[in-house]
Amino acid sequence: MVIYQKEQTFSTQELKRLFQSVHWESGDYPQKLVYAMQNFDCVWSARENGNLIGLAAAMSDGIMTAYIHYLLVDPCAQKRGIGSALMKHMLEEYKDYLRVLLVADNVDLEKFYVQFGFYLNDNKKPMYLERF
């Protein structure tokens with residue numbers, strides 16, 4: 001059984017394992033991830049048998065705009081509705097906000113996000129300054 005909960009305290013090992021399972025470079029910086037999770041506005045986790053198998057994290061200005069920065073599910077646990085459940089928790093958390101943003105790094109995931117009301121805006125492009 002998958003348990004969903006709001007939490008912000010994680011071990012370096014479990015964050016490293018989860019982020020590296022989806023091949024995200026941020027998994028190479030587990031101490032920074034621990035600190036980041038403690039400072040996000042909202043973090044929802046998905047755990048099975050105590051193991052972290054999914055996570056969604058967002059930051060906001062407190063009233064108008066929220067940005068879902070992370071949504072990831074261990075590949076071993078994908079296709080079971082875990083990502084959808086995490087997204088529903090996030091959207092409920094920010095239901096009164098005027099704008100919820102995210103950047104889908106994988107174009108194939110566009111269909112996943114569209115089902116929740118997200119859309120592409122041809123007039124805007126995400127921009128990055130990465131220091132990996």
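Is Arg17 buried, partly exposed or exposed, and what is its relative accessible area? I began my notes with this residue, and I keep in mind throughout that I am reading a predicted model.

**Entry 1: Arg17 and its partner**

I looked up Arg17 and found it partly exposed, because its relative accessible area is 37%, which falls between the cut-offs of 20% and 50%. I then looked for a partner of the Arg17 side chain and found Asp74, with which Arg17 makes a salt bridge at 2.5 Å from N to O. Arg17 belongs to helix H1, whereas Asp74 sits in the loop between E4 and H3, so this pair ties together parts that lie 57 residues apart in sequence. For Asp74 I noted a relative accessibility of 7%, and therefore I list Asp74 as buried.

**Entry 2: the other salt bridges I followed**

I searched the whole structure and the count came to 6 salt bridges. One of them is between Arg47 and Glu14, where the closest N and O atoms are 3.0 Å apart. Since Arg47 is in strand E2 (residues 42-48) and Glu14 is in helix H1 (residues 12-21), I read this pair as one that ties together parts 33 residues apart in sequence.

I next took up Arg80, which forms a salt bridge with Glu48, with 2.6 Å between the closest N and O atoms. Arg80 lies in the loop between E4 and H3 while Glu48 lies in strand E2, so the pair ties together parts that are 32 residues apart in sequence. I recorded Arg80 as partly exposed, because its relative accessibility is 42%.

**Entry 3: the largest pocket**

I turned to the open spaces and found that the largest pocket holds about 1200 Å³. Its lining is made of 35 residues, and those closest to the pocket centre are Trp24, Tyr70, Leu71, Leu72 and Asp105. I looked up which elements give two or more residues to this lining, and they are strand E4 (65-73), helix H3 (82-93) and helix H4 (110-114). E4 provides the largest share, with 7 residues. Sorting the lining of the largest pocket by class, I have 20 nonpolar, 8 polar and 7 charged residues.

**Entry 4: the second largest pocket**

For the second largest pocket I noted a volume of about 1000 Å³. There are 27 residues in its lining, and Leu101, Leu102, Tyr119, Leu120 and Asn121 are the closest to its centre. Strand E5 (99-102) and H4 each supply at least two residues of this lining, and the largest share, 4 residues, comes from E5. By class, I sorted the lining of the second largest pocket into 18 nonpolar, 3 polar and 6 charged residues.

**Entry 5: surface residues and separations**

I looked for nonpolar surface and found a patch of about 340 Å², which is made by Ile63, Met64 and Leu98. Ile63 is in the loop between strand E3 (51-60) and E4, and I list Ile63 as exposed because its relative accessibility is 59%.

I placed Gln13 in helix H1 and found it exposed, with a relative accessible area of 56%. From Gln13 to Leu109, 96 residues apart along the chain, the C-alpha atoms are separated by 27 Å. Asp41, in the loop between helix H2 (30-39) and E2, counts as partly exposed at 41% relative accessibility. Between Asp41 and Ser60, which are 19 residues apart along the chain, I noted a C-alpha separation of 6.3 Å.

**Entry 6: positive phi**

I checked the backbone angles with a general point in mind, that most residues other than glycine have a negative phi. His23 is not a glycine, yet I found a positive phi of about 65° there. His23 lies in the loop between H1 and H2 and is exposed, with a relative accessible area of 73%. Asn49, also not a glycine, has a positive phi of about 55°. I located Asn49 in the loop between E2 and E3, and I recorded Asn49 as exposed, at a relative accessible area of 72%.

Notes:
Residues numbered from 1 in each chain as written. Predicted model: local features only at pLDDT ≥ 70, side-chain atom pairs only at ≥ 80, totals over all residues. Heavy atoms only, no water. 1 Å grid on protein atoms, 1.4 Å probe; cavity = no way out; pocket = protein on both sides within 12 Å on 5 of 7 lines; lining within 4 Å. Points joined across faces, edges and corners; volume = space filled by probe spheres on them. Nonpolar A, V, L, I, M, F, W, Y, C, P; charged D, E, K, R; others polar. Salt bridge = Lys/Arg side-chain N within 4 Å of Asp/Glu carboxyl O. Buried < 20%, exposed > 50% of the residue type's maximum accessible area, 1.4 Å probe, protein only. Patch = residues over 30% accessible without salt bridge, like charges linked within 9 Å, V, L, I, M, F, W, Y side chains within 5 Å. Areas by Shrake-Rupley, 256 points an atom, 1.4 Å probe, with all protein chains shown as cover.
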